[in-house]
Amino acid sequence: MNFSMAYKTEDTHERSENESFELWSEQFLQRKEHELRRLTSEEAEKLQNDRDLVSEFKQLKLEREAQKNWDLFYKRNSTNFFKDRHWTTREFEELKACRKFEQQRLTILEAGCGVGNCLFPLLEEDPSLFVYACDFSPRAVDFVKQNPSYNAETCKAFQCDLTMDDLTDNIPANSVDVTTLIFVLSAVHPDRMHLVLQNIHKVLKPGACVLFRDYGLYDHAMLRFKSGSKLGENFYVRQDGTRSYFFTKDNLRCLFKKTGFEEVSNEYVFRETVNKKEGLCVPRVFIQSKFCKPQKQC
Ligand SMILES: C[S@@+](CC[C@H](N)C(=O)[O-])C[C@H]1O[C@@H](n2cnc3c(N)ncnc32)[C@H](O)[C@@H]1O
């Protein structure tokens with residue numbers, strides 16, 4: 001068992017609208033594991049009883065309006081919702097390891113960049129990077145471009161639906177050293193996730209990697225969904241119409257392998273988030289992985 005501990009801060013979509021930022025901005029104890037989180041009997045019963053799925057009509061509407069719903073999310077929250085993800089470079093030491101020689105200028109793709117909470121800390125830490133950043137929400141892309149740290153010499157932000165717009169319209173094929181995919185794939189319908197990975201595969205250099213972080217099965221956010229929110233197995237809709245899938249290591253591995261990637265690492269990250277004011281301590285489960293495009297295609 002790979003067991004490591006570190007103090008982290010992180011934020012996800014699972015803060016309800018009336019929770020203030022500070023309430024959940026505690027320090028967390030984190031550990032990495034290979035096994036699924038064990039549910040309590042009440043949790044298992046709750047999930048078992050939640051069988052009714054949202055109607056097909058409504059599901060099709062959610063799919064059609066996915067982009068609109070995320071754009072409205074950014075209209076409501078502007079740049080205030082997600083905290084800067086300063087953990088990226090610490091967690092993903094691979095970024096540095098991806099350099100073949102010390103002075104190499106790495107080209108990064110931040111797929112589903114939101115308003116740049118991952119991208120700007122990265123550029124701050126390493127101004128020699130060149131970052132392509134895309135999202136399907138036009139508002140999110142505008143926020144990135146309006147950020148005072150945005151500089152066209154180090155960053156190109158553009159709108160792109162990763163499930164349908166070809167990334168090679170904006171990025172040369174086989175040119176990217178690392179892609180980060182952070183809490184994005186969970187927002188995509190499971191039937192379309194492979195399209196995102198195929199698209200990314202085209203722009204990665206042979207041997208280059210995807211650094212992945214997202215929700216893991218039985219994360220607290222999954223257990224908090226009320227009945228009437230279930231879209232399919234491990235797939236739910238939030239009140240604002242944005243959707244969230246909860247991954248197991250196995251289904252993630254399968255998805256990446258089917259689209260031509262090789263697994264380098266793939267593990268659950270367990271954390272406890274404490275809300276001091278309400279005396280609550282909730283289990284968070286994330287999945288953190290690294291998959292590479294093979295050097296040689298079969
Ligand atoms: C939870 S946010 C994460 C944003 C950012 N990666 C971060 O870590 O702060 C999910 C993002 O994925 C974007 N997204 C969802 N589906 C997408 C798609 N099909 N193509 C491009 N972006 C998408 C949303 O607009 C949203 O900005």
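Predicted model: local features only at pLDDT ≥ 70, side-chain atom pairs only at ≥ 80, totals over all residues.
**View 1. K61 takes part in a network of salt bridges.** The side chain of K61 meets that of E65 in a salt bridge, at 3.4 Å from N to O. Follow the contacts onward and you reach K68, which is linked with K61 and E65 in the network. For context, the structure holds 12 salt bridges.

**View 2. A salt bridge joins D177 and K205.** Here the N to O distance is 2.8 Å. The two partners come from distant parts of the chain: D177 belongs to strand β6 (residues 176-182) and K205 to strand β7, 28 residues apart. D177 counts as buried, with 5% relative accessibility, while K205 is partly exposed at 28%.

**View 3. R37 and E43 form a buried salt bridge.** Their side chains meet at 2.7 Å, N to O. Both R37 and E43 are buried.

**View 4. Y215 and F246 make a tilted aromatic pair.** A search of the whole structure finds 18 aromatic pairs. In this one, the ring centres of Y215 and F246 are 5.6 Å apart and the planes meet at 45°, so the pair is tilted. Y215 sits in strand β7 (residues 204-215), and F246 in the loop between β10 (243-245) and α10 (249-258), so the contact ties together parts that are 31 residues apart in sequence. Y215 is buried, with a relative accessible area of 2%, and F246 is buried too, at 0%.

**View 5. Y245 and F247 pair edge-to-face.** The centres of these two rings are 4.9 Å apart, with 70° between the planes. Y245 is buried, as is F247. Widen the view and you will find both rings in one aromatic cluster, made up of F212, F235, Y245, F247, F256, F261 and F291.

**View 6. The charged end of K156 sits over the ring of F158.** To find this contact, start from the centre of the F158 ring: the charged end of K156 is 5.9 Å away from that point.

Notes. Residues numbered from 1 in each chain as written. Heavy atoms only, no water. Phe/Tyr/Trp six-rings, centres within 6.5 Å; stacked < 30°, edge-to-face > 60°. Helix = DSSP H or I, 4+ residues; strand = E, 2+ residues; numbered from the N terminus. Buried < 20%, exposed > 50% of the residue type's maximum accessible area, 1.4 Å probe, protein only. Lys NZ or Arg CZ within 6 Å of the ring centre and 35° of its normal. Salt bridge = Lys/Arg side-chain N within 4 Å of Asp/Glu carboxyl O.
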